[in-house]
Amino acid sequence: MYQSIVVGFDGSDSSRRALHKAVRLAKLSGAEMLVTMVEEHLPKYPSAMSETTEEREAVDAYFAELTKEVETLGSEQDVRLGVRVAAGHPARVLCDVTKEVRADLLVIGASGRSGLWAGVLGSTADRVVDHAPCSVLVVRKGPA
Amino acid sequence: MAHNVWLLAAAWMALALLASLISIRVGISVALIEIALGVVAGNFLQLHTADWINFLATFGAGLLTFLAGAEIDPLSLKTHWRPAAAIGVVSFLLPFLGVWLVAYRLLGWEWHAAQIAGIALSTTSVAVVYAVMVESGLSATPMGKLILAACFITDVGTVLALGVLFADLNAALLVFVAVLAVVLLVLPRLTREIIQRLGATRISEPEVKFLFLVLFFLGGLATWAKSEAVLPAYLTGLVVSGVFLRDRVLVHRIRSIAFALLTPFYFIKAGLYVSLPAIWASAPVIGVLLLLKLIAKGIGVWPTGAVFGLPRRLNAYTTLLMSTGLTFGTISALFGLEHHFITQGQYTMLVTVVILSAVVPTVIAQSYFGPTPEEAAFVAGRPASPAAPLDASRNP
């Protein structure tokens with residue numbers, strides 16, 4: 001069915017539902033998974049390099065915890081998965097990573113942590129669906 | 001409120017706090033938000049400064065300059081010395097001379113005012129460049145380090161011009177240069193020893209006080225010699241950068257002091273003198289100056305990057321990043337205003353161009369010339385093949 005699945009994960013409830021759905025799909029189809037976490041809250045136009053580095057260290061610590069959670073889930077469910085952490089706009093990063101690894105499915109939650117910009121410019125899910133190079137599964141709250 | 005120090009401080013700190021909250025919410029640096037709130041406070045709330053605010057602001061600018069120098073990786077500068085020096089020098093020199101000439105000849109600015117314009121628009125913001133490269137996954141690659149090293153060289157040109165062009169050539173300047181040379185020579189070793197010997201008693205922060213003492217003393221000497229305090233601050237940062245690279249706690253402490261208490265006063269003050277009516281009135285000149293900065297950077301950086309073998313698309317990306325500016329640009333403009341080299345109208349134009357130069361080249365670079373996943377992977381030495389999914393990896 002699928003050979004390579006990319007899933008966006010930021011620790012939000014919505015993205016956690018997407019992660020679990022992707023794991024089930026990967027298990028069913030024997031696909032490889034790449035869990036992609038995006039550092040989106042680094043300050044733009046900073047006045048000192050340390051403004052970026054220190055924000056990034058805080059984000060890294062958060063993602064390190066999430067990585068442990070993902071790896072535990074992968075070994076429990078016997079699914080082959082890798083983790084990628086990248087900085088930038090979530091929609092852009094997810095589409096770029098999907099293109100780079102030539103995934104055939106991208107799984108995301110219906111709403112993540114994109115904050116104010118999402119309200120103004122549209123949600124990450126909207127933009128991913130518009131620009132992804134493969135099929136996109138947007139996981140909504142509800143029965144599994 | 002004018003004579004009540006506490007209420008005046010509370011008003012300024014309220015703006016600083018509001019800037020932090022907005023910055024966290026919208027993901028834009030607190031510096032830009034503080035400048036924007038300063039513009040609002042100056043134009044609509046009649047907020048004013050005081051001597052003590054001016055001192056905090058000046059020290060904030062000095063500390064930012066010091067941090068900018070201290071954040072360089074000396075090994076990276078050494079490794080990429082030739083291309084970084086070539087790109088960095090033209091990136092400073094062409095915009096400096098070009099803007100100086102155009103401001104003097106075509107815009108009719110006075111000699112010193114035109115020089116301030118040249119300096120303010122010659123800068124490159126290392127911090128903005130670094131943030132963009134983190135997003136592009138280039139910050140830890142050899143190419144990213146080369147670009148950062150080139151930015152530092154450009155900034156050396158800026159602080160040298162600011163420190164030397166307006167100084168009186170007299171005995172005081174000679175004394176200042178001699179003392180500065182001696183201090184820069186002994187400072188790395190002295191700083192290391194203080195950290196090693198007194199590191200255990202850090203509750204009294206001796207190493208922070210020592211560095212502040214050096215900055216105050218050299219700043220005082222620079223002012224006495226009619227030079228500018230940012231010159232010794234930047235050079236001091238440069239010579240202790242090796243120490244700072246190893247002692248992240250010290251960087252964190254100095255940064256915390258700077259961002260909580262000092263730089264808000266500097267950036268809000270920088271916005272305070274921006275006149276909104278002057279922005280509308282001088283919009284065409286602002287556009288010309290911004291275009292001039294971008295073109296001059298392009299004429300200098302693009303061919304130099306090509307000579308050193310940067311691929312076409314990454315060369316365009318590098319050129320645009322080298323066109324960004326923020327902290328040193330506003331520091332130069334405020335220096336000009338406070339020393340009466342430029343008028344408030346000219347200050348408004350320069351600060352507006354500096355802020356636009358933080359945003360416009362960044363947006364163009366990221367939208368049209370950002371490295372593709374393949375280019376980023378190539379530059380980072382990472383495989384860009386379907387085999388990549390199972391690599392637990394992190395964009396550098």
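Quick housekeeping before I go on. This is a predicted model, so local features need pLDDT of at least 70 and side-chain atom pairs count only at pLDDT 80 or more, while totals for chains, interfaces and linings use all residues. Residues are numbered from 1 along each chain as its sequence is written, and chains are lettered from A and ligands numbered from 1 in the order in which they are written.

Back to chain B. Its C-alpha atoms fill a box of roughly 70 × 60 × 45 Å along the principal axes. Of its 396 residues, 52% count as buried, and buried means 20 or more other C-beta atoms within 10 Å of the residue's own, with exposed at 12 or fewer, partly exposed in between, and the C-beta atoms placed from the backbone. Now take contacts between residues at least 6 apart in sequence: 80% of them join residues at least 24 apart. A contact here is two C-beta atoms, placed from the backbone, within 7 Å.

Let's look at some helix pairs. Two packed helices are described by the angle between their axes and the distance between the axes. The axes are lines fitted to C-alpha atoms, for helices over the stretch in contact, and the angles run from 0 to 180 degrees between N-to-C directions.

How do α5(B) and α15(B) run relative to each other, roughly parallel or roughly antiparallel? Helix α5 (residues 81–105) and helix α15 (residues 283–307) of chain B cross at roughly 150 degrees, and their axes come within 8 Å. That makes α5(B) and α15(B) roughly antiparallel; the cut-offs are under 35 degrees for roughly parallel, over 145 for roughly antiparallel, 65 to 115 for roughly perpendicular, and oblique for the rest. The crossing of α5(B) and α15(B) is right-handed, meaning the near helix is turned clockwise from the far one by less than a right angle, with anticlockwise being left-handed. Residues in this contact include B:Val90, B:Leu94 and B:Gly98 from α5(B), and B:Leu292, B:Ala296 and B:Gly300 from α15(B). By class, the contact has 13 nonpolar, 5 polar and 2 charged residues. Nonpolar covers Ala, Val, Leu, Ile, Met, Phe, Trp, Tyr, Cys and Pro, charged covers Asp, Glu, Lys and Arg, and the others, Gly among them, are polar.

Next pair: α6 (residues 111–120) and α17 (residues 327–338) of chain B, at about 165 degrees with axes 8 Å apart. These two are roughly antiparallel as well, and their crossing is right-handed. The residues touching are B:Ala113, B:Ile116, B:Ile119 and B:Ala120 of α6(B), with B:Gly329, B:Ser332, B:Ala333 and B:Gly336 of α17(B). That gives 5 nonpolar, 3 polar and no charged residues.

Then α1(B) and α13(B), with an angle of about 95 degrees and axes 10 Å apart. They are roughly perpendicular. Here B:Trp12, B:Leu15, B:Ala16 and B:Ala19 of α1(B) meet B:Pro264, B:Phe265 and B:Ile268 of α13(B): 7 nonpolar, no polar and no charged residues.

On to chain A, which has 5 helices and 5 strands. From the N terminus, the order is β-α-β-α-β-α-β-α-α-β. Its radius of gyration is 15 Å, in agreement with the value near 15 Å for a compact globule of 144 residues. Buried residues make up 48% of the chain. One of its residues, A:Ala86, sits in strand β3 (residues 81–87) and is buried, with 25 other C-beta atoms within 10 Å.

Last stop, the place where the chains meet. How many residues of chain B are in contact with chain A? It's 40, against 31 residues of chain A. Helices α1, α7 and α13 of chain B are among the elements that each supply at least two residues, and α7(B) gives the most, with 7. By class, that side of chain B divides into 25 nonpolar, 9 polar and 6 charged residues.

How values were computed:
Helices (H or I, at least four residues) and strands (E, at least two) are DSSP runs, numbered from the N terminus. The radius of gyration is taken over C-alpha atoms; the globule rule is 2.2 Å times the number of residues to the power 0.38.
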